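Hi there,

Here is the structure I promised to pass on to you. Have a look at it first, and my notes on what turned up follow below.

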Amino acid sequence: MQFRDLKAQYQKYKAEIDSAIQEVLLNANFIGGKQVGELEALLAEYVGVKHCISCANGTEAMTLVAMAWGIKAGDAVFVPDFTFFSTGEIVSFEGATPIFVDVDRDTFNLDPAKLEKAIRKTIAKGKLTPKAIIPVDLFGLPANYPEILKIAKKYNLLVLEDGAQGFGGNINGQRACSFGDAATTSFFPAKPLGCYGDGGAVFTNDDELAQLVKSLKVHGKGDNKYDNVRIGVNSRLDTIQAAVLKVKLKAFINHELEDVNRVYRHYNERLDGVVEIPVIPDGFYSSFAQYTIKLKNKEQRDGLQAKLKEQGIPSMIYYIKPMHKQGAFADLEFDENDFEVTNELCDIVLSLPMHPYITEEDVTAVCDVIKSYIV
Ligand SMILES: *Cc1c(COP(=O)(O)O)cnc(C)c1O
């Protein structure tokens with residue numbers, strides 16, 4: 001059994017993907033081919049925003065926005081404590097200070113009440129200037145934007161949606177990667193919409209920001225690549241990746257997103273009452289980058305993972321360490337009491353095999369092992 005079966009997906013779409021790649025090879029337009037612009041237009045339309053700007057990966061997508069916003073030393077940026085390293089990394093990379101905020105135990109996402117508390121605390125300390133919030137759509141579930149955006153407005157903060165895992169989710173029909181002032185996603189192969197290498201994108205309705213990001217991703221170009229008006233980076237999605245993504249986006253929209261939600265229901269039916277199953281609040285729709293359960297304690301979680309492994313079933317621990325405990329952030333000051341939920345989650349979460357091509361039989365097999373282990 002595969003944790004995320006990319007081979008099954010390729011087999012299903014082999015003819016289309018092969019011919020899409022072949023077309024790029026024959027035209028030899030490896031960088032900046034027409035597929036890149038076509039993909040950006042399709043993505044912007046699907047998400048429901050004016051601009052989609054592709055780039056090299058999801059981390060750089062966030063960095064480009066932070067650069068465009070001029071986030072710098074002395075600025076505070078609020079980031080969930082329970083996320084992939086990138087979300088905090090890009091803040092420090094720009095010289096600013098990430099302020100980690102605990103998450104909601106049910107949704108795994110940024111806790112709005114604790115966010116406001118952290119903002120007030122930062123203001124009261126008076127050392128840093130609160131500048132932005134980076135909510136994460138963890139495991140495919142959009143963060144609580146209705147509440148977060150109210151707080152952002154109250155304290156005049158920018159919001160960057162880290163939709164690396166969230167592409168395809170929505171809140172009452174409004175799609176992920178359209179919340180806040182800008183959003184980003186990743187096309188890393190295992191993400192909800194993945195390519196065959198690295199890739200990422202920035203989404204925004206802000207014309208000025210879009211122009212700036214387009215310049216920054218091509219060496220700070222002015223009128224052209226050889227007219228450089230600011231210091232930028234080189235961050236491109238190549239044509240082969242765009243061609244692959246065009247095929248995969250169609251599959252994602254046609255059936256894959258619904259398929260993972262069907263798998264989610266199959267898991268829930270079998271695991272409800274056995275372990276703590278994912279909580280999707282009313283009006284929220286997840287793209288299920290992960291199906292993550294909670295066990296009673298670390299001993300039970302680690303024991304279950306070993307048991308699954310014995311039966312040939314892969315599982316993953318996302319995440320085993322809170323951001324504030326990462327060695328790279330050892331210089332920052334923390335109050336350990338601020339991270340009660342994340343500290344617990346890192347000990348009790350377990351992500352099960354989840355992808356559009358997993359069969360109901362496989363889901364049953366996974367759940368049977370869990371049931372026999374728990375009771
Ligand atoms: C994967 C991921 C990223 C980074 O994406 P890359 O394309 O690997 O750079 C950022 N944030 C979160 C939450 C992610 O899961």
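Let's start at the ligand: one of its oxygen atoms is 2.5 Å from an N or O atom in the side chain of Thr 59. Please keep in mind that this is a predicted model. Two more side chains make contacts of this kind. Gln 165 places a polar side-chain atom 2.7 Å from a ligand oxygen, and for Lys 191 the distance between a side-chain N or O atom and an oxygen of the ligand is 2.7 Å. On its own the ligand would expose 380 Å², and the protein buries 92% of that.

Who else is around it? The shell holds 14 residues, and those that come nearest are Gly 58, Thr 59, Gln 165, Ser 186 and Lys 191. Helix 3 (58-68) and helix 4 (86-93) are the elements that give two or more residues to this shell, with helix 3 supplying the largest share, 3 residues. By type, the shell divides into 8 polar, 4 nonpolar and 2 charged residues.

Now to the salt bridges. Side chains of opposite charge can pair when their charged atoms come close. The count here comes to 20 salt bridges, and a few are worth a look on your screen.

Glu 16 pairs with Lys 250, with the closest N and O atoms 3.2 Å apart. This pair links distant parts of the chain, as Glu 16 sits in helix 1 and Lys 250 in helix 8 (residues 239-271), 234 residues apart. Glu 16 is partly exposed at 34% relative accessibility, and Lys 250 is also partly exposed, at 46%.

Lys 154 and Glu 116 form another salt bridge, their closest N and O atoms being 2.7 Å apart. Here helix 6 (residues 145-154), which holds Lys 154, is linked to helix 5 (residues 112-125), which holds Glu 116, across 38 residues. Lys 154 counts as exposed because its relative accessibility is 54%, whereas Glu 116, at 19%, counts as buried.

Salt bridges that share partners also join Lys 72, Asp 75 and Lys 131 into one network. Within it, the closest N and O atoms of Asp 75 and Lys 72 are 3.9 Å apart. Asp 75 is buried, at 3% relative accessibility, while Lys 72 is partly exposed at 46%.

Finally, the surface: Leu 25, Phe 30 and Ile 31 form a nonpolar patch there, with about 270 Å² of accessible area together. Leu 25 belongs to helix 1 (residues 6-27) and is partly exposed, at 42% relative accessibility.

Best wishes

Terms used. Residues numbered from 1 in each chain as written. Predicted model: local features only at pLDDT ≥ 70, side-chain atom pairs only at ≥ 80, totals over all residues. Heavy atoms only, no water. Near = heavy atom within 4 Å. Polar contact = N/O pair within 3.5 Å; in protein donor to acceptor, adjacent residues only side chain to side chain. Areas by Shrake-Rupley, 256 points an atom, 1.4 Å probe, with all protein chains shown as cover. Helix = DSSP H or I, 4+ residues; strand = E, 2+ residues; numbered from the N terminus. Nonpolar A, V, L, I, M, F, W, Y, C, P; charged D, E, K, R; others polar. Patch = residues over 30% accessible without salt bridge, like charges linked within 9 Å, V, L, I, M, F, W, Y side chains within 5 Å. Salt bridge = Lys/Arg side-chain N within 4 Å of Asp/Glu carboxyl O. Buried < 20%, exposed > 50% of the residue type's maximum accessible area, 1.4 Å probe, protein only.
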